[in-house]
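Here are my notes on this one, in the order I'd go through them. Have the model open while you read.

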Amino acid sequence: MNEELIIGIDVGATKTRLGIGDANGRMYVKRVYRTADIAHRFADFIVDEIKRNFSNYLDKVVGVGVASIGPLDLKRGAILSPPNAPLKNVEVVAKLREGLGEEVFLVNDAVAAAWAEKVYGMGRSFRNLVYITLSTGIGAGVIVDDHLLLGKDGNAHEVGHIVVDYTGMMRCGCGGRGHWEAYCSGINIPAFVKRLLEDKYRDQLEGSSLCHEYRRSSLTAEALFRHAKQGDVLAAKIVEEEIGRLNAAGIASVVNCYDPEVVFLGGAIALNNEELVLRPIAKYVDAYVTNRMPKVTITDLGEDASLKGAMAIVAKPPASLREYFGHP
Ligand SMILES: [Zn+2]
């Protein structure tokens with residue numbers, strides 16, 4: 001094995017994935033951890049795990065890519081304090097560089113996934129694409145005219161905080177009101193559905209399998225979609241007419257802003273509920289969109305989209321990231 005190897009790290013709100021592979025996106029070894037279990041000594045833990053699991057490969061490693069939930073301070077190479085995860089101000093770039101003696105790149109996880117689509121995935125043939133993750137939170141990565149957008153602080157793509165409800169019924173983890181993520185992300189769906197059940201659909205709760213979940217305080221995004229799949233009328237209505245319609249509004253806003261040729265959807269909610277996520281978007285998006293509607297499809301990179309993206313930014317660094325850090 002003479003080729004150069006890359007280490008990728010995907011820091012998610014729920015799971016952290018660590019992998020090693022080649023520049024073509026082929027993964028040799030992968031490890032998955034619960035972020036909450038390792039958050040208290042995050043960078044040190046990752047360094048130790050890399051040394052423990054990848055020792056046979058380390059002399060061939062040419063770089064380490066980190067794809068992380070935001071907010072990030074790209075210039076400082078730090079993960080700040082994500083509203084949906086227990087990480088607090090982790091100087092991940094400096095610590096990994098110090099611990100491993102390798103070059104370390106950091107980008108937002110959904111941005112990395114967009115770059116993975118461009119380098120390794122179905123996005124190869126497109127100059128304009130958006131990747132949106134419907135997961136614990138909602139994030140995106142945007143490529144316009146082959147250029148990966150970053151912005152002044154590296155947050156040009158925070159589409160989860162697009163306002164989809166001007167009444168601001170639900171409050172987002174960021175503190176803002178009416179944000180897409182406050183209604184349709186995994187962590188916030190339970191509170192939104194609870195509010196709907198107590199208010200708008202109170203008279204339909206009896207007889208719905210959501211009633212049981214509601215009374216036991218066990219409503220989760222996963223339970224909502226499961227009951228909808230099993231034919232519960234109220235669960236299906238909420239998935240289609242509430243969450244589905246809000247997803248359509250969010251995606252229409254993304255299309256109106258960035259004019260992509262294709263929108264890739266990833267993240268656990270989209271990957272586990274393809275039909276229930278795609279159908280309402282197709283049904284309602286016309287009401288909100290003004291630009292020519294692109295193809296909306298599920299990512300072909302699955303749950304490893306951000307991990308592959310972490311590797312892709314090392315294998316083929318985007319020009320915008322090089323410019324951002326002043327590299328030639
Ligand atoms: Zn927000």
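1. Let's start with a parallel pairing: strand 8 (residues 129–134) runs alongside strand 11 (residues 262–266) over five bridges, and Leu129 sits opposite Val262 of strand 11. Helices (H or I, at least four residues) and strands (E, at least two) are DSSP runs numbered from the N terminus, and two strands pair if DSSP finds at least two bridges between them.

2. Before going on, the ground rules. This is a predicted model, where local features need pLDDT of at least 70 and side-chain atom pairs pLDDT 80 or more, while totals for chains, interfaces and linings use all residues. Residues are numbered from 1 along each chain as its sequence is written, and side-chain values use heavy atoms, leaving out hydrogens and water.

3. Strand 8 also pairs with strand 9 (residues 138–144), this time antiparallel and over six bridges. A hairpin of three residues links strand 8 to strand 9, and Thr133 stands opposite Gly139.

4. At its start, a side-chain oxygen of Asn108 comes to within 2.8 Å of the backbone nitrogen of Ala110.

5. Now the largest pocket, at about 1,000 Å³. Of its 45 lining residues, Thr133, Ser135, Thr136, Gly137 and Ala268 are the closest to its centre. A pocket here is an open set of points on a 1 Å grid over the protein atoms alone, where a 1.4 Å probe fits, with protein on both sides within 12 Å along at least five of seven lines; lining residues have an atom within 4 Å of a point. Elements giving two or more residues include helix 4, strand 8 and strand 9, but helix 8 gives the most, five.

6. Why does the largest pocket lie between domain 1 (5–108 + 304–324) and domain 2 (122–300)? Both domains give residues to its lining, so it lies between them; the bounds come from an automatic or database domain assignment.

7. The second largest pocket holds about 290 Å³. Asp165, Phe192, Lys200, Glu242 and Leu246 lie nearest its centre, out of 16 lining residues. Helix 9 provides the largest share, five residues.

How values were computed. A polar contact is a pair of N or O atoms within 3.5 Å; within protein, one must be able to donate a hydrogen and the other to accept it, and residues adjacent in sequence count only if both atoms are side-chain atoms. Buried means under 20% relative accessible area, exposed over 50%, partly exposed in between (1.4 Å probe, protein chains only). Grid points are joined across faces, edges and corners, and a volume is the space filled by probe spheres set on the points.
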